[in-house]
Amino acid sequence: MESLASEYPWPVAVTAGKVGAAIRGEFPIVAHTTYLNSCSQGALSHRVRAAYEEYLDGWDERGAEWAHWVERAETARAAFARLLKAEPGELAVTTSVSQGVNGVVSALPLGRSERTKIVISEHEFPTVGQIAHAQELRGAEVVHVRPEADGSIPPERFAEVIDQRTALVCCTTVSYRTGHRHDVAEIARLAHDAGALCLADSYQAIGAVDFDARALGVDFVTGGTVKYLLDSSGLGFLYVRRELLGKLLPTQTGWFADEDIFQMDISDYSPAADARRFDAGTPPVPNIYAGLAGISIVEEAGTAAIEEHVAGLAERLIDGLDELGATVVTPRDPARRGPLVCVRSTDVNALVAALAAEKIVCSERDSNLRIALHLYNVEEDVDRVLEALRERRHLLV
Ligand SMILES: Cc1ncc(COP(=O)(O)O)c(C=O)c1O
């Protein structure tokens, strides 16, 4: 499949395979701020700003460009497919993870089957947990898989609760709270052995991790563009393993999920044969323009190169935190962590505010300081946050 690189003619400081210093000119914020907050919001690039302008210019000059706008949505579908090493027909274009997860659970015959159990890890983002619990109104039972003392949730913990009554297992790829990476392949295998399906919310991985949905063997992958895909909010995706497509009928739907949207048919429900059956209403066109621009930067750098770059920075960061005697919550093993490193604080709000006052942008969850690394970060960013933390050692556990 062709990458998006050729679609963006404007001059940018992006060179294929280049990360770190080679790409920083694309992101104005890094010129004046140490930006370590991609787990919350990716940095704005010139290219994403220009994409919004392009959308507005087209609308202004040509009016309603619906044919072109729908084509942009299909281009986004193909781009998401490339990021997951999947096929475009396995991808729904959504406005959020919530839409994707709601589509999946709406296709489960919860009240009409013996399989009523939804298993969720304690690391799920609220949207997944809350949607799972909303299914209690449809007869579901929700079981949480709790972490070990070190914060990890090994597949054995899932195995203890997955059984013949399980309909769906939700295991986020990378925890937004601690940076732990789940063994999604093994958890999917456990789910399948019991006849259940497996969903991996991969928002905290996609764009910073070289991802292969099929190699993981997982049934559903969802995520969005806000974080490591470098866009603003309003665009996401749902991957559905192609073997399942004929078997799943989402009851959460919309006219863009129909087999022929131009028929304007209101006489029946006849969804598309492929994963477009999980689309819903009018696509989020401005977000798609911006999302394609953000994804093009990730694709040009290459997710394998980004993952390697981030792993190197994370190692430097963890070594430095060890020297400070800090409590690093995120695993040392690069295979067991994502692009996020978390460190325990006695007063994390005070710490985030103190760092922000020095133009170092991080975030917090629970009592952890979250330091997120991405392609535009460099060793100087790591050293700068380490120095600031050394000065505030009393705020670390
Ligand atoms: C792991 C994870 N899942 C989901 C979301 C967001 O879900 P939604 O797109 O429904 O707002 C986030 C962050 O906002 C996240 O970190």
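In strand 8, V93 has F237 as its bridge partner; strands here are DSSP runs (E, at least two residues), as helices are (H or I, at least four residues), both numbered from the N terminus. The model is predicted, and local features need pLDDT of at least 70, side-chain atom pairs count only at pLDDT 80 or more, and totals for chains, interfaces and linings use all residues. Residues are numbered from 1 along each chain as its sequence is written, and side-chain values use heavy atoms, with hydrogens and water left out.

**Strand 8 and its partners**

- Strand 2 (residues 91-94) and strand 8 run antiparallel and are joined by four bridges; two strands pair if DSSP finds at least two bridges between them.
- Strand 7 (residues 220-224) also pairs with strand 8 in the antiparallel sense, over five bridges, and V221 has Y239 as its bridge partner in strand 8.
- Strand 8 (residues 236-240) is mostly covered, as five of its five residues are buried; buried means under 20% relative accessible area, exposed over 50%, and partly exposed in between (1.4 Å probe, protein chains only).
- From strand 8, G236, L238 and V240 point one way, while F237 and Y239 point the other way.

**Strand 6**

- Strand 6 (residues 197-201) is largely enclosed by the rest of the structure because five of its five residues are buried.
- L197, L199 and D201 point one way from strand 6, and C198 and A200 point the other way.
- Strand 5 (residues 166-170) pairs with strand 6 in the parallel sense over three bridges, and V169 has C198 as its bridge partner in strand 6.

**Nonpolar cores**

- A nonpolar core is a set of buried Ala, Val, Leu, Ile, Met, Phe, Trp, Tyr and Cys residues joined through side-chain atoms within 4.5 Å.
- In soluble globular proteins, nonpolar side chains tend to be buried together.
- The largest nonpolar core has 88 residues, of which L84, F158, L369 and L389 touch the most other members.
- Another core lies apart from the largest one and has 30 residues, among them A92, V226, V240 and A275.
- Leaving aside neighbours within four places in sequence, F158 is in contact with residues including V119, V145, V169 and C171; contact means heavy atoms within 4.5 Å.

- S45 lies in the loop between strand 1 (34-35) and helix 1 (46-62), and S45 is buried, with a relative accessible area of 1%.
- Not counting residues up to four places away in sequence, S45 touches E26, F27, P28 and I297.
- T116 is placed in the loop between helix 3 (97-106) and strand 3 (117-121), and T116 is buried, with a relative accessible area of 16%.
- Apart from its neighbours within four places in sequence, T116 is in contact with L110, G139, A140, E141 and R165.
- A67 belongs to helix 2 (residues 66-84) and is exposed, with a relative accessible area of 68%.
- A67 and S40 are 27 residues apart in sequence, and 33 Å apart in space from C-alpha to C-alpha.

**Aromatic rings**

- Rings of Phe, Tyr and Trp (its six-membered ring) pair if their centres lie within 6.5 Å; planes under 30 degrees apart count as stacked, over 60 as edge-to-face and the rest as tilted.
- By this rule there are nine aromatic pairs, and one aromatic cluster is formed by Y55, W59, W66, W69 and Y289.
- K227 lies over the face of Y203, at 5.1 Å from the ring centre; a charge sits over a ring if NZ of Lys or CZ of Arg is within 6 Å of the ring centre and within 35 degrees of the ring normal.
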